[in-house]
Amino acid sequence: MTGEDDANLVPPSAMRVSHAERDAVVEQLRDAAADGRIDLDELDARLAVALTAKTYGDLAPLTADLPTEAAVLDPGEPLTLKGGMHGVSRVGRWQVPARISARGGMGGVKLDFTRTECRLPEVEIEVHGEMAGVTVVIPDGWVADTDGVDPGVGGVKDKTTEDRLPGTPLIRFVGQGGMGGVVVRHPNLRERRKLERRRKPLG
């Protein structure tokens with residue numbers, strides 16, 4: 001990541017939350033109390049924080065030890081991507097399954113999750129860098145675990161932060177870096193600008 005990228009990167013935990021996001025956490029806490037996961041004293045204490053939360057960093061600890069409805073969602077069919085001679089990518093809006101296999105081959109593989117909506121609690125990606133490598137781009141607030149990857153010759157570069165936002169998946173990696181290596185990162189400055197242009201209303 002370049003210096004310009006760093007200058008424009010706000011830590012996910014410092015981003016401001018909306019009324020709807022506060023309300024969603026309040027609802028999750030009330031459901032947890034109804035299920036007996038937290039007692040009434042805990043509920044009152046957490047609700048007090050949730051209702052006055054200003055950032056994701058304020059909200060995240062309140063539900064970190066609670067399961068989400070995503071745990072019962074359909075994991076979908078596994079996705080396999082092979083770079084072959086010319087490379088392959090999965091970008092834009094696409095359905096994220098619970099298991100993905102990515103083999104770099106001679107052309108490389110790129111997985112971009114920045115425009116996806118994933119409510120699964122965890123996604124496992126089996127990576128094999130092979131000759132050209134595998135690049136994975138995840139949104140701010142998503143967390144990666146690359147401990148299960150053998151770096152090989154190409155290595156494993158995890159450039160993501162550790163600030164996980166409520167309701168986001170853990171992206172767990174297994175496999176081998178191979179010759180081309182594996183890179184996991186958040187969007188760079190150019191990608192961020194493209195995302196912002198898409199979010200702006202027309203006219």
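**Close-up views of a predicted model**

**View 1. A bridge between strands 3 and 5 of the predicted model.** Alanine 102 has valine 127 of strand 5 as its bridge partner. Strand 3 covers residues 99-103 and strand 5 covers residues 122-128. The two strands pair in the parallel sense, over 5 bridges.

**View 2. Helix 2 packed against helix 4.** Helix 2 spans residues 19-34 and helix 4 spans residues 56-63. The packing angle is about 15°, and the axes are 10 Å apart. Angles under 35 degrees count as roughly parallel, so helix 2 is roughly parallel to helix 4. The crossing of helix 2 past helix 4 is left-handed. Helix 2 makes the contact through Glu21, Arg22, Val25, Gln28 and Leu29. Helix 4 contributes Tyr56, Leu59, Leu62 and Thr63. By class, the residues of this contact are 5 nonpolar, 2 polar and 2 charged.

**View 3. Helix 2 packed against helix 3.** Helix 3 covers residues 40-52. Here the angle is about 175° and the axes lie 9 Å apart. Angles over 145 degrees count as roughly antiparallel, and helix 2 and helix 3 are therefore roughly antiparallel to each other. On helix 2, the contact residues are Arg22, Val25, Val26, Leu29, Arg30 and Ala33. On helix 3, they are Leu43, Arg46, Leu47, Ala50 and Leu51. This contact has 8 nonpolar and 3 charged residues, with no polar ones. Arg22, Val25 and Leu29 of helix 2 also take part in the contact with helix 4.

**View 4. A tilted aromatic pair.** The whole structure holds 2 aromatic pairs. One of them joins tryptophan 94 and phenylalanine 113. The ring centres are 5.0 Å apart, with 50° between the planes. Tryptophan 94 sits in the loop between strand 2 (88-90) and strand 3. Phenylalanine 113 sits in the loop between strand 4 (109-112) and strand 5. The pair therefore ties together parts that are 19 residues apart in sequence.

Definitions and conventions: Residues numbered from 1 in each chain as written. Predicted model: local features only at pLDDT ≥ 70, side-chain atom pairs only at ≥ 80, totals over all residues. Heavy atoms only, no water. Axes fitted to C-alpha atoms, helices over the stretch in contact; angles between N-to-C directions. Helix = DSSP H or I, 4+ residues; strand = E, 2+ residues; numbered from the N terminus. Parallel < 35°, antiparallel > 145°, perpendicular 65-115°, else oblique. Left-handed = near helix turned anticlockwise from the far one by under 90°. Contact = heavy atoms within 4.5 Å. Nonpolar A, V, L, I, M, F, W, Y, C, P; charged D, E, K, R; others polar. Pairing = 2+ DSSP bridges. Phe/Tyr/Trp six-rings, centres within 6.5 Å; stacked < 30°, edge-to-face > 60°.
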